[in-house]
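Take a moment to look over the sequence and the model before reading on. The paragraphs below go through them part by part.

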Amino acid sequence: FQSSSTTTSLIVGMVSTGIIGLANAIPMIMGANIGTTVTNTIVSVGHIRRGNEFKRAFAASTIHDFFNILAVIIIFPIEILFHPLEKSSIFLGKLFFTQLSEKPFESPIKAAVKWGSKYIESFSFNNDWLYLILSVFLTFLMLYCIVKLLRSLVLEKVEAFFDKYIFKTAIRAIAFGILLTIMVQSSSITTSTIVPLAAAGVLSLRQIFPFTLGANIGTTVTAMMAALTLNSYALVAAFSHLLFNISGILLIYPFKVLRNIPIKLAELMSDLAIENKMIPILYLLIVFLIIPFTIIFLGG
């Protein structure tokens, strides 16, 4: 779906109906965080014929990949052994609700989108598969339109102010990543919009890094909004997405040794990509197709 927001919203929906439990949903959410990074990597390949421009673009895109992979490598075994995310999410859920239940919320968000969903459903002639196809098509159409809009509003008009104001400090960059991702509801889109700026040399790799971390936090808002149309179990699942992304930042970014790992790997990968133009294609195939399918096959 090119969006962790979409994927986690689906996962939240499955948790709310009892199709999967929270313990199973959390690793799926971790996987969605890795999967969403494929978009900006694909965007960077568009610069493949332009030498150093491609090198900067590819490094800017893969740093998001490597951070999310590193976060999963650190947090996943801890979660499997001790379940801190699951326990913390349930604790937060109980702060908002005296008792977790499958009873739906009386949500204003649900009321707001009900007419639109019924309107789209009318085009499916009560066929669930056609309704699903229409929904996915609409998702892609909206993502495409948002990218086009962002490019016209952001890249073309405020490019000159990024280095001086927005990316001047790591905290500002994180905050901007959070706000922009909340606005567009997709970290894939947010991080993809800055790849051309990195390619042009407007932003450095170290400036972009905290921005992608903010995008990771901002993308959790979509699942929160989806949960508000469902029940308390769904909200607990959405909390786990937020806690995972915050935990990843707190465990990695404050420590120079860990913080430098994604940066060094991104730089190394971009150097290899310049030497051999097949490296980016192989990287995409191995990281986003071969490894996940191998794990699924072995797990089955």
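What volume does the second largest pocket have? The second largest pocket has a volume of about 960 Å³. A pocket here is an open set of points on a 1 Å grid over the protein atoms alone, with protein on both sides within 12 Å along at least five of seven lines, and lining residues have an atom within 4 Å of a point. Grid points are joined across faces, edges and corners, and a volume is the space filled by probe spheres set on the points. Of the 25 residues lining this pocket, Gly31, Ala32, Ile34, Gly35 and Pro292 are the closest to its centre. Helix H1 (4-16), helix H2 (22-35), H4 and helix H15 (279-299) each give two or more residues to the lining. The lining has 18 nonpolar, seven polar and no charged residues; Ala, Val, Leu, Ile, Met, Phe, Trp, Tyr, Cys and Pro count as nonpolar, Asp, Glu, Lys and Arg as charged, and the others, Gly among them, as polar.

The structure is a predicted model, in which local features need pLDDT of at least 70 and side-chain atom pairs count only at pLDDT 80 or more, while totals for chains, interfaces and linings use all residues. Residues are numbered from 1 along each chain as its sequence is written, and side-chain values use heavy atoms, with hydrogens and water left out.

The chain has 15 helices and zero strands. Both are DSSP runs numbered from the N terminus, with at least four residues (H or I) for a helix and at least two (E) for a strand. Of the 300 residues in the chain, 44% are buried. Buried means under 20% relative accessible area, exposed over 50%, and partly exposed in between (1.4 Å probe, protein chains only). Among contacts with a separation of 6 or more, 77% are between residues 24 or more positions apart, where contact means heavy atoms within 4.5 Å.

Helix H3 (residues 38-45) is largely enclosed by the rest of the structure, because six of its eight residues are buried. These are Val38, Thr39, Asn40, Thr41, Ser44 and Val45. The buried residues of H3 pack against H2, H4, helix H10 (187-199) and H15.

Helix H4 (52-82) also takes part in the lining of a cavity, together with helix H13 (232-252), each supplying at least two residues. A cavity is a set of grid points where a 1.4 Å probe fits but cannot get out. The structure holds one cavity of 30 Å³ or more, and about 40 Å³ of space lies in the largest cavity. Its lining consists of Asn33, Phe67, Asn68, Ala71, Asn216, Phe244, Asn245 and Gly248. By class these are three nonpolar, five polar and no charged.

Leu242 is also found in helix H13. Leu242 touches Ile217, Thr220 and Met224, leaving aside residues up to four places away in sequence. Between Leu242 and Gly218 the C-alpha to C-alpha distance is 8.8 Å, and they are 24 residues apart in sequence.

Where in the chain is the one salt bridge of the structure? The side chains of Lys55 and Asp271 form it, at 2.9 Å from N to O. The pair links distant parts of the chain, with Lys55 in helix H4 and Asp271 in helix H14 (residues 256-275), 216 residues apart. A salt bridge is a side-chain nitrogen of Lys or Arg within 4 Å of a carboxyl oxygen of Asp or Glu. Lys55 is partly exposed at 31% relative accessible area, and Asp271 is partly exposed at 34%.

His83 is in the loop between H4 and helix H5 (84-96). Most residues other than glycine have a negative phi. His83, which is not a glycine, has a positive phi of about 55°. His83 is partly exposed, with a relative accessible area of 31%.
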